[in-house]
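Q: Hey, I'm new to this one. Can you walk me through it?
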Amino acid sequence: MRLFIAILLSEKMKNALLTCMDDLRWQGVKGNYVTEKNLHLTLAFIGEYDDPDKVNTVIGSIPEPDFQISLSECGNFENLLWAGMEESRELDDYVKELRKALKDAGIPYDKKRFVPHITLVRKADKTPRGIRPAKAGMRVKKAWLMKSEIKDGKVTYTAIPPRK
């Protein structure tokens, strides 16, 4: 199964991002817009891996997060448009600790440098200027193991809670 570890967003953050995506549409940006329920902040992309219990054990082996995150500017990686996060040492430290725990447990993950962002549009036909999400923030108290699958031709993300 295709797995990643993410922060699920508050309604306030989602609403700010949805308004930002409306602004992109208003500017005529076409592409594959992320649905509201799929908005998240990826901390580590694992990819195909068939032992979610092991990943949840790793997540549970490090202290739970407890820090604030806030939206900042919008940007792009080629034709992928995203909303960025204000700089957060606590977020960066948590991701380093999480990724080290994954490595120590032998769980493969994408080792690209962590650039905190929330994907808004994939395969965008242009890069707009002057778009910023509204100010919004939230307290992070949990990281979630997520499963990505295609249902009825649409990408769906589902949280996999740890077993009790």
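Q: What sits over the ring of W144?
A: The charged end of K142 does, 4.7 Å from the ring's centre. Keep in mind that this is a predicted model.

Q: OK, and what lies over the face of Y33?
A: That's R25, at 4.0 Å from the ring centre.

Q: Switching to ring pairs: how many aromatic pairs are there?
A: The count comes to three.

Q: Are F4 and Y157 buried or exposed?
A: Both are buried.

Q: What about F67 and Y94, how are their rings set?
A: Their centres are 6.2 Å apart and the planes are at 50°, so this pair counts as tilted. F67 belongs to strand β4 (residues 67-77) and Y94 to helix α3 (residues 89-104), so the pair ties together parts 27 residues apart in sequence. F67 and Y94 are buried too.

Q: New topic: which residues of α1 are buried?
A: M13, K14, A16, L17, C20, M21 and L24. Looking down the axis of α1, the buried residues fall within an arc of 160°, so they line one face of the helix.

Q: And what's exposed on the other side of α1?
A: K12 and W26 are.

Q: What covers the buried residues of α1?
A: The cover includes β2 (32-33), β4, β5 (80-85), β6 (117-122) and β7 (137-140).

How values were computed: Residues numbered from 1 in each chain as written. Predicted model: local features only at pLDDT ≥ 70, side-chain atom pairs only at ≥ 80, totals over all residues. Heavy atoms only, no water. Phe/Tyr/Trp six-rings, centres within 6.5 Å; stacked < 30°, edge-to-face > 60°. Buried < 20%, exposed > 50% of the residue type's maximum accessible area, 1.4 Å probe, protein only. Helix = DSSP H or I, 4+ residues; strand = E, 2+ residues; numbered from the N terminus. Lys NZ or Arg CZ within 6 Å of the ring centre and 35° of its normal. Arc of directions from axis to C-beta. Contact = heavy atoms within 4.5 Å.
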